[in-house]
Amino acid sequence: MNALYSLIIVLALVVIPLLGAGAAGWHTLFGIAVPYIAFVVFVLGFIYRVVDWGRSAVPFRITTTAGQQESHAWIKSSKLDNPSTTWGVVLRMILEVLLFRSLFRNTRVQLKDGPKLSYGSAKWLWLGALAFHASFFIILIRHMRFFTEPVPLPFQWLDKLDSILQVGVPVLYLTEVAILAALLYLFLRRVIDPKMRYISLASDYFPLFLIFGIVISGVLMRYFIRTDIIAVKEMTMGLVTLNPTIPENIGVIFYVHLFLVSALLVYFPWSKLMHLGGVFLSPTRNLANNSRMQRHINPWNYPVKVHTYEEWEDHYRDAMKEAGIPVEKE
Amino acid sequence: MSKLPSSDTLAATIDYHPPRKSWMQVQPEFRPGTWSYPANPKNLKIMDFPNPREWSPTDDDWKLPENWQEIIYEGFKDRLKKYRSLKVFMDICVRCGACADKCHYFIGSGDPKNMPVLRAELLRSIYRKDFTTVGKILCSLSGSRSLTEDVIKEWFLYFYQCSECRRCSLFCPYGIDTAEVTMMGRELLNLLGLNINWVMEPVANCFRVGNHLGIPPHTFKEIVDFMCEDIEEVSGVKVEPPLNKKGAEILFVTPSGDYFADPGTYTFMGYLMLFHELGLDYTMSTYASEGGNFGLFTSAEAMKRLNAKIYAEAKRLGVKWILGGECGHMWRVINQYMDTMNGPADFLEVPRNPLTGTVFNNARATKMVHITEFTDDLIQHGILNFDPSRNDDLVVTYHDSCNPSRAMGLFEEPRNVIKSVCNHFYEMPIQTIREQTFCCGSGSGLNNEEFMEMRMRGGMPRANAVKHVHDTYGVNMLSCICAIDRAAFPPLMEYWVPEVDVCGVHELVANALVMRGEKERELNLRSEPLPGKEG
């Protein structure tokens, strides 16, 4: 049901520009107002969320240690998985953010008769997640050619690299294949694995379908429903130079693509997609395991009621004296 | 206490397929063996905790304070400000499912709400409703729900079915730590007077008497004297451990489980023999007679109130540094909380081993050293003489306790020690040790009798790995560095792998330790004949 609701919402998001920009012809609204509003909501929303997290305190160093601590000279410590220095933390975070190191550890439990438990390697999720995120990132960068003139060389190189197979006209991008495959995998595991189906919310399916819609509309535009690319670039350059124009000859499919991207931008800061920002702020990963070496300050540390030695001895003094245990007050 | 099914029957009930109904529609079920008894009101009064009363989870009416919803709302809000961890963990989970089959309680029960992701969703669903705009508008579509008494009951059931072992946090791509979520959940429950006695009695005892088990100073001394007699009987050496000795160099603090029941007591005897052999200038305290800290399983404030004694006593006695015994969660508190809560310990010196000159730089702020760090240092410097053949009847494996593993990273030190004192040592499978270690199933205050079924379920992954090395290498001794382990493993082994016994690392050390002036040893610390002396 959750999946169905999400699908219906995404389909509605496709219909809106079809009607608005297509049938009704409100090009200024869909080509200029919506993307601008979406961009502003995204940027301000993202900043607000990160600042909001930042306003909460970090009272303790609760690093998850995944390797040997810094110890004696004869013990090799795990500088990456149990960092005691800032550099170690930076490296750990880089591997976490770029290569999904924790996910790479994933195992799958199997219970056989006996009972016998085994823990098999389970790297598909890691591969699927990495394929999705890396493709998304490359596609995003590749799109910079629509927002720059002249297009800087690195963007051109990336474009060449992504189309290195030289298959089809126009040439096929590797990332398009990869992101579609990854999205399909991420969706299928949610509906096929009963555990995954059980934990999945509508807000887990919605971004999958939305991004699916963005990719499909992009692919359609490039290979099947030809759009005047010169006109599109004229429009995107207009947007980025704050001098928006609406050229003729832009097919409605482009408005669909743009509207879905706008929807993603608006949705992003208020959703689980904020893991993009949150992963950097996760205290179990971004802190060094060094609170036995260096004092960490808890900003809200406050005095508490304790049972003092004096109160305690008052209670036990006689028994202690009888047992021959030293006391403060005779 | 409910009747425990046989291990085969229990294993046959495990099914990893969740029910058809959405989890929000499944009501919590208080089946005997899966929940712990509520706290005795007298223990709450000792700690000045709210809402002390008699109640039971099986009652319809939990006698919550009238404004309980407001209390939870305000408590939640307060903690979102105080803990970035909570706020971030509430916001960024994508429900990728990587954690789902990492929890020992899920593996052993198949109850989907024991999947770490769902355990956190129990809290998250309320967070979304009360603290996010989207959640308020979209309701169940965004995974939010209203706070009802049933939600509170569900929290109580499942936050006391989590041992805060942090295994899931290892696999989470964002490091979401269910221990942190459970700790916050328990703090909120505590605001309503919902706590379990197996946590609150140790907390109250520790606060009032000085240790979890409520052993008063004179009884502590008696116990120690008994142990000294046993040591003399086994080794012929008379040890005289100092209590509350002012001006000693080192304060030694260990969990009270070590001097309360077997097999922990043998570990405690091991410490005493080691310190005697070294001629260490140390003292124990009858005021700070607890290393463990069940406050960790209650609230940050309770943890601080109990932990404060250690530094206070170190200051009163005028010691230079502190040595800590074999305990699991105690070391999470020392490594990640102690100095922050109750420091700075500027009245102490950076710990330095008086026998080797080694400076324990990794403890330079907190000034507290783990006993296996200490013993490993002695061994590396050749200070100790061992006869490992005295442990030759033992085929040993080692259980990494959750907290020293995932909240500290203490892996090589205990292994170095064990390998120096035992000839037969075998590791369990790699997915079940070191940072991936499995909980004993009884951590975080859940090692009570009435919770036995869940303990056996949660301990199954650990027991299963022990069974593997038992079948493969003939392992007959499970060593560990945790007092809860030493209390929880004997029944767990009895249930799943009856041929395997349990010991602390310093029991093995003391068995192998060749002491000056000792008689020819015939018996181990358990007063059983040593290998070759059975005649």
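This is a predicted model: local features need pLDDT of at least 70, side-chain atom pairs count only at pLDDT 80 or more; totals for chains, interfaces and linings use all residues.
Reader: Which residue takes a positive phi in the hairpin of strand 1 of chain A and strand 2 of chain A?

Author: Residues are numbered from 1 along each chain as its sequence is written, with chains lettered from A and ligands numbered from 1 in written order. Strands (E, at least two residues) and helices (H or I, at least four) are DSSP runs, numbered from the N terminus. The hairpin has 3 residues between its strands, and the positive phi, near 145°, belongs to A:G114.

Reader: Which residue of strand 2 of chain A stands opposite A:R108?

Author: Strands pair if DSSP finds at least two bridges between them; strands 1 and 2 of chain A do so in the antiparallel sense over 6 bridges. Opposite A:R108 stands A:G120.

Reader: Which helix of chain A gives the most to the side that touches chain B?

Author: Contact here puts C-beta atoms, placed from the backbone, within 7 Å. The contact takes 80 residues from chain A and 90 residues from chain B. Elements of chain A supplying at least two residues each include strand 1 (107-112) and helix 9 (202-224). With 7 residues, the one that gives the most is helix 13.

Reader: What is the radius of gyration of chain B?

Author: Chain B has 22 helices and 7 strands. The globule rule (2.2 Å times the number of residues to the power 0.38) goes with a radius taken over C-alpha atoms. For 535 residues the rule gives 24 Å, so chain B is as compact as a globular protein of that length, its radius of gyration being 23 Å.

Note on methods. Two residues are in contact if their C-beta atoms, placed from the backbone, lie within 7 Å.
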